[in-house]
Amino acid sequence: MTAPPRVLTVAGSDSGGGAGIQADLKTMLALGTHGMSVVTAVTAQNSLGVQGFWELPAEAVRAQYRSVVDDIGVQAVKTGMLASAELVETVADLLAGTDAPAVVDPVGVSKHGDSLLAASALDSVRTKLLPVATVATPNLDEVAQLTGVEVTSEDDLRRAAAAVLAYGPQWVLIKGGHLRGDAVDLLTDGSEEHVLRAPRHDNRHTHGTGCTLASAIAAQLAKGQSVPEAVAAAKEYVTEAIAAGFALGDGIGPVDHGWRFRGA
Ligand SMILES: Nc1ncnc2c1ncn2[C@@H]1O[C@H](COP(=O)(O)OP(=O)(O)OP(=O)(O)O)[C@@H](O)[C@H]1O
Ligand SMILES: Cc1ncc(CO)c(N)n1
């Protein structure tokens, strides 16, 4: 039996199973890859919000990463919640020494508005993490936090992309999920531009959309696709996962990572 492509997520645990490490591993399985994880923080989280989180020591993050990369090897890496400046810098150093594409989701705030990144870490994201990204995938709040550019309509997406690219990622995917109308994202490397448009699903159960999209991109890159191909396939996957999102608990339920496995 040949081994499937190997993908690593470096992210926080979501006890509720909809976002973070849990979303990443489910997505990686659904897209036919072998998912592996480096846990950076543990959140107590559910459909109502984030009740608390505890960050792991940098040494524990480094040790998990080395265990995976030095023996098993990775064909793509995805990063999510990194919590602090120290972890952002630790992970940026590890990525710089790894010969695999890196999808950086610069997670700042959860869907409920709970902060998952210290304000003191923003500068490290700008100057250390973004420069080693193959693709950075900020949402509109993260774009505003990192660059000061406020996106209020589709017309602003290009300006936002240029501001993020100035920090050095090869590609940026600006996620317009928080706008009204179609769910429109803009992918660019500064010369090519791809607009990804999907119908907006009127479903409040959207917990984990960003994590799912970024890990789907990483899975597709591990399978050998180009960045534009990987992003297009990932957008299709997340759009269907959102359409199939379901209620759990009393708040915002998760997207359905397993939509492809459900019977008709
Ligand atoms: N209601 C929706 N219908 C269809 N697509 C959506 C909807 N909401 C978001 N998307 C798409 O989902 C993807 C993730 O975008 P979003 O802006 O929600 O990420 P995020 O805010 O980082 O998510 P998270 O809540 O996990 O932090 C994008 O491709 C976006 O266009
Ligand atoms: C652990 C974790 N990572 C990322 C997100 C995205 O909002 C979340 N809610 N929780």
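Predicted model: local features only at pLDDT ≥ 70, side-chain atom pairs only at ≥ 80, totals over all residues.
Me: How many residues lie between β2 and β3 in their hairpin?
Reply: β2 and β3 pair in the antiparallel sense, over 6 bridges. Across this pair, Thr 43 has Phe 53 in β3 as its bridge partner. The number of residues between the two strands of the hairpin is 2.

Me: Which residue in the turn between β8 and β9 has a positive phi?
Reply: Strand β8 covers residues 183-188 and pairs with β9 in the antiparallel sense over 6 bridges. One bridge links Ala 183 to Ala 198 in β9. The two strands form a hairpin with 4 residues between them. In that turn, the residue with a positive phi, about 100 degrees, is Gly 190.

Me: Which residue has a polar side-chain atom 2.8 Å from a nitrogen atom of ligand 2?
Reply: Start with the surroundings of ligand 2, which include Gly 12, Thr 43, Gln 45, Met 81 and His 207. A polar contact needs N or O atoms within 3.5 Å. At 2.8 Å from the ligand nitrogen, the side chain belongs to Gln 45.

Me: What share of the exposed area of ligand 2 does the protein bury?
Reply: Ligand 2 sits in the largest pocket. Two elements, β1 (6-14) and β2 (34-46), each give two or more residues to its shell. Taken alone, ligand 2 exposes 280 Å². The protein buries 91%.

Me: How many charged residues are in the shell around ligand 2, and how many in the shell around ligand 1?
Reply: The shell around ligand 2 has 5 nonpolar and 7 polar residues, and no charged residues. The shell around ligand 1 has 5 nonpolar and 7 polar residues, and its charged residues number 5.

Me: Which residue has a backbone N or O atom 2.8 Å from a nitrogen atom of ligand 1?
Reply: There are 17 residues around ligand 1, and those that come nearest are Lys 111, Lys 175, His 178, Asp 185 and His 201. The side chain of Lys 111 has an N or O atom 2.8 Å from an oxygen atom of the ligand. Lys 235 has a polar side-chain atom 3.0 Å from a ligand oxygen. The backbone contact to a ligand nitrogen comes from His 201.

Me: Which element gives the largest share of the shell around ligand 1?
Reply: Ligand 1 sits in the largest pocket. The elements that give two or more residues to its shell are β8, α7 (209-222) and α8 (227-243). The largest share is 4 residues, and it comes from α7.

Me: What is the distance from the side chain of Ser 67 to the backbone oxygen of Ala 63?
Reply: Ser 67 lies in helix α2, residues 58-72. Its C-alpha atom is 24 Å from that of Ala 30, which is 37 residues apart along the chain. The side chain of Ser 67 reaches the backbone oxygen of Ala 63 at 3.0 Å.

How values were computed
Residues numbered from 1 in each chain as written. Chains lettered and ligands numbered in written order. Heavy atoms only, no water. Near = heavy atom within 4 Å. Polar contact = N/O pair within 3.5 Å; in protein donor to acceptor, adjacent residues only side chain to side chain. Areas by Shrake-Rupley, 256 points an atom, 1.4 Å probe, with all protein chains shown as cover. 1 Å grid on protein atoms, 1.4 Å probe; cavity = no way out; pocket = protein on both sides within 12 Å on 5 of 7 lines; lining within 4 Å. Sits in = over half its atoms within 2 Å of the grid points. Nonpolar A, V, L, I, M, F, W, Y, C, P; charged D, E, K, R; others polar. Pairing = 2+ DSSP bridges.
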